[in-house]
Amino acid sequence: MLKNLNHLTRIKSLLSLKQQKELYFFIILFLIAAFLETIGISLVIPVLNVLSQENPNFSNYPFLNKINLNEVSKNELLIISVFLLMCVYTFKVLFLSFLAYKETKFLAGIKSQLSKKIFSIYLNNSYSFHLQTNSAQLIRDIIDIRWIMLAVKAFMLIFTETILL
């Protein structure tokens, strides 16, 4: 665990201050995504309750006690519950799509920034450095930035899955 924390600290040190702030922003977005996942799953059971029973019992759902559902017909209740479920899932899909877009953009920015940084270091080295170093190794080092990007993505995925547990 300590070794993984050391890797995380090293990866974080490669990020700019703006990217570190964006990483914290993603933590908030992942918390919202976890909340939406929970709401989406928890709404399925009451909808199934409405579908499967002639007179649905909502006494197990304390948040519904404030609403008088005894006066609503089964068809109206079914329409309302399915509409609510569709609205929540539509919002969830839109939010998760937005999150995936922002995450991809963030990771591409990391890759671009680190590639530029390494490339500028190589450009500013002396002529003798370039004579002594194989150009294929320099190109490989610039291209291998994707491993850092994948490590950041893996951290974000592990964090997301941990929140969902």
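This is a predicted model: local features need pLDDT of at least 70, side-chain atom pairs count only at pLDDT 80 or more; totals for chains, interfaces and linings use all residues.
Reader: Why is the pair E37 and K92 called a salt bridge?
Author: The term requires a side-chain nitrogen of Lys or Arg within 4 Å of a carboxyl oxygen of Asp or Glu; the N to O distance between E37 and K92 is 3.3 Å, and therefore the pair meets the rule. By this rule the count comes to one salt bridge.

Reader: Which helices does the pair link?
Author: E37 lies in helix α2 (residues 17-52) and K92 in helix α3 (residues 74-123), so that distant parts of the chain, 55 residues apart, are linked; helices here are DSSP runs of H or I with at least four residues, numbered from the N terminus.

Reader: Why is K92 called buried, and what is E37 called?
Author: Buried means under 20% relative accessible area, exposed over 50%, and partly exposed in between, with a 1.4 Å probe and protein chains only. K92 has 9% and is therefore buried, whereas E37, with 23%, is partly exposed.

Reader: Why is Q20 buried?
Author: Its relative accessible area is 19%, and Q20 is therefore buried. Q20 is placed in helix α2 and, leaving aside its neighbours within four places in sequence, is in contact (heavy atoms within 4.5 Å) with K12 and L15.

Reader: What makes up the largest nonpolar core?
Author: A nonpolar core is a set of buried Ala, Val, Leu, Ile, Met, Phe, Trp, Tyr and Cys residues joined through side-chain atoms within 4.5 Å. The largest one has 18 residues, of which F26, L99, F106, L107, I110, V152 and M156 touch the most other members. The elements giving two or more residues to this core are α2, α3 and α6. Leaving aside neighbours within four places in sequence, L99 is in contact with F26, L29, F30 and A33.

Reader: How do you know which class of residue lines the second largest cavity?
Author: Ala, Val, Leu, Ile, Met, Phe, Trp, Tyr, Cys and Pro count as nonpolar, Asp, Glu, Lys and Arg as charged, and the others, Gly among them, as polar. The lining consists of L23, F26, I27, F30, F155, M156 and F159, and by class has seven nonpolar, no polar and no charged residues.

Methods. Residues are numbered from 1 along each chain as its sequence is written. Side-chain values use heavy atoms; hydrogens and water are left out. On a 1 Å grid over the protein atoms alone, a cavity is a set of points where a 1.4 Å probe fits but cannot get out, and a pocket is an open set with protein on both sides within 12 Å along at least five of seven lines; lining residues have an atom within 4 Å of a point.
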